[in-house]
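Student: I would like to learn how to read side-chain features in a model like this one. Could you take me through some of them?

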Amino acid sequence: MKPNVLLVTADQWRSDCLSAVGHPCVRTPNIDALAAEGVLFARHYAGAAPCSPARAALYTGLYQMNHRVCRNGSPLDDRFDNLARLGRRAGYDPTLFGYTDVSLDPRTLPPGDPHLTTYEGVLPGFSVRELLPEHEKPWLSWLRSRGHEGATDRGVHAPAGQRAEVGNAPPAYGRDETQTAYLTDAFLRWRSEQDGPWFAHLSFLRPHPPFVVPAPYNTMFTAQDGPDFVRAPDRATEAALHPYLAFQIAQNTQSGFVQGASGRVQDWSAGELATLRATYFGMIAEVDAQLGRIWRGLQASGEWQNTIVIFCSDHGEMAGDHWLLGKGGFFEGSYHIPLVIRDPAQAAHAGRRIEQFTSAADIMPTLAERLDQAPLNHQDGRSLLPFLTGQEPASWRDAAFWEFDFRDIENGVAERHFSLGSNACNLSVIRDEAYKYVHFAGLPPLLFDLKSDPAETRDLASDPAHLAVRLYYAEKLLALRARHLDQTLAYTHLSGRGPVSKLFDT
């Protein structure tokens, strides 16, 4: 029998914020239960940040160097295959709950089409059951129908009508009225209507900011909870590490994290950052609780034993590490993300924890192999199915790789600040067990010894004693990029016998 497919993404979730991997205070019993019946990938990394570039890698199986979604608002080339189109070829009607943050290819749209004014289009191939873009209007109207007359805009996220304050006061809406609960309700209703195998994508906004959560999650953690922050003793020391980091710290604005706030994150105290992190932990607990509702609903309907579940995030959250909030740049907190896959057909191998480096680009080829469908273009990712079947794939990657593009096509802020062209405002990272190398197209590189300096506070790129190491990783990064140039037609040869093609290498 064809399986159901459930892809769940939780926006901006750090990999370490799972009790299954030993977080000192966060508890995620429902994700832990999923991992006990599936496989947990402990070294899983986003392909890029922020949302649109990260999701492009997840949806297409391509690295940013190939999908070329550089920022929120960069269009996704319509020629690329994606997991929704793949699911449709496999006989499903892939259905979306939430959002995909895809800027549609303007060449496929007529002038004046409203989709040309937003990066919140829907990935081609998806049917939409419940769209919840950033303005959140469908959820807000639902709140009003439940008696929250003041839920007219995103000011509803301000506790007790107050804005711009760091604290743990709850919003007006309750635990059963969050955006996560709203989408969960919609999915469970839709699932009860299905007569055959289904394919659903639940794209939850939380724990993405603004940092606010209803009771009891708002007081579940305190500013004193959690591990020590990973950062230099003060912001000035942190900023001195690299010109881009100084720029990133200065550009970090409060409005992205507390509803109605103004000013810079650097104006918040260490205590305020700790309070915001405690709220972030509470938001994670809220999402986990809603995931439990989904697991129980599928179990009650008898569908659990025929449903493949993939839980992951698009990218991480700095959460005060390196004196930053949000995502981007080159640090681990922005890119190391959770991944759990449960395939009931592989129950004999449940409970595995995989320590090899995996990538968001691996999700598309994994689904392709599991659903017996060939992607229509080159894939940078590799199928994770061997890990699910208890095998150890040959010649697996020995490093994580990600990219970040900080160009600003609309306003040119980064270009002016660094006196660089837009195509030089980018970085690439390769990190293995021993070292992390950050290559900037237009700025100095970085090199960290991860064994002696796991917090990444000492740059060794200009240290004469480490020049050979720097060269080794620069060449390793160059070789990776050379291998992953788009091979779609390069693997076809027009011969006297007609077109000859080979399978894409992995």
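Tutor: Gladly, and we can begin with charges over rings: a charge sits over a ring if NZ of Lys or CZ of Arg is within 6 Å of the ring centre and within 35 degrees of the ring normal. Here Lys2 lies over the face of Tyr92, 4.4 Å from the ring centre. Arg277 is placed over the face of Phe229, at 3.9 Å from the ring centre. Keep in mind that this is a predicted model, where local features need pLDDT of at least 70 and side-chain atom pairs count only at pLDDT 80 or more, while totals for chains, interfaces and linings use all residues. Residues are numbered from 1 along each chain as its sequence is written, and side-chain values use heavy atoms, with hydrogens and water left out.

Student: Which residues of the largest nonpolar core touch the most other members?

Tutor: The general idea is that in soluble globular proteins, nonpolar side chains tend to be buried together. A nonpolar core is a set of buried Ala, Val, Leu, Ile, Met, Phe, Trp, Tyr and Cys residues joined through side-chain atoms within 4.5 Å. Buried means under 20% relative accessible area, exposed over 50%, and partly exposed in between (1.4 Å probe, protein chains only). In this model the largest core has 62 residues, and Leu6 and Phe187 touch the most other members. Elements giving two or more residues to this core include β1 (4–10), α6 (179–192) and α9 (270–301); helices (H or I, at least four residues) and strands (E, at least two) are DSSP runs numbered from the N terminus. The most comes from α9, with 13 residues.

Student: What is Phe187 in contact with, leaving aside neighbours within four places in sequence?

Tutor: Contact means heavy atoms within 4.5 Å. On that basis Phe187 meets Leu6, Phe97, Trp198, Ala200, Leu202, Ile294 and Leu298.

Student: How many salt bridges are there?

Tutor: Side chains of opposite charge can pair when their charged atoms come close. The rule for a salt bridge is a side-chain nitrogen of Lys or Arg within 4 Å of a carboxyl oxygen of Asp or Glu, and the count comes to 29. One of them joins Asp105 to Arg107, with the closest N and O atoms 2.7 Å apart. Asp105 is buried at 6% relative accessible area, whereas Arg107 is exposed at 63%. These two also belong to a salt-bridge network with Asp77 and Arg79.

Student: Where do Glu332 and Lys436 lie?

Tutor: Their side chains meet in a salt bridge (3.5 Å, N to O). This pair links distant parts of the chain, 104 residues apart: Glu332 is in the loop between β6 and β7 (336–337), and Lys436 is in strand β12 (residues 435–440). Both Glu332 and Lys436 are buried.

Student: And how should I read aromatic pairs?

Tutor: Rings of Phe, Tyr and Trp (its six-membered ring) pair if their centres lie within 6.5 Å; planes under 30 degrees apart count as stacked, over 60 as edge-to-face and the rest as tilted. The structure holds 34 such pairs. Tyr244 and Phe406 have ring centres 4.6 Å apart and planes at 40°, so this pair is tilted. Tyr244 is in helix α8 (residues 243–251) and Phe406 in the loop between β10 (400–405) and α12 (413–418), so the pair ties together parts 162 residues apart in sequence. Both Tyr244 and Phe406 are buried. They belong to one aromatic cluster, whose members include Phe247, Phe330 and Phe440.
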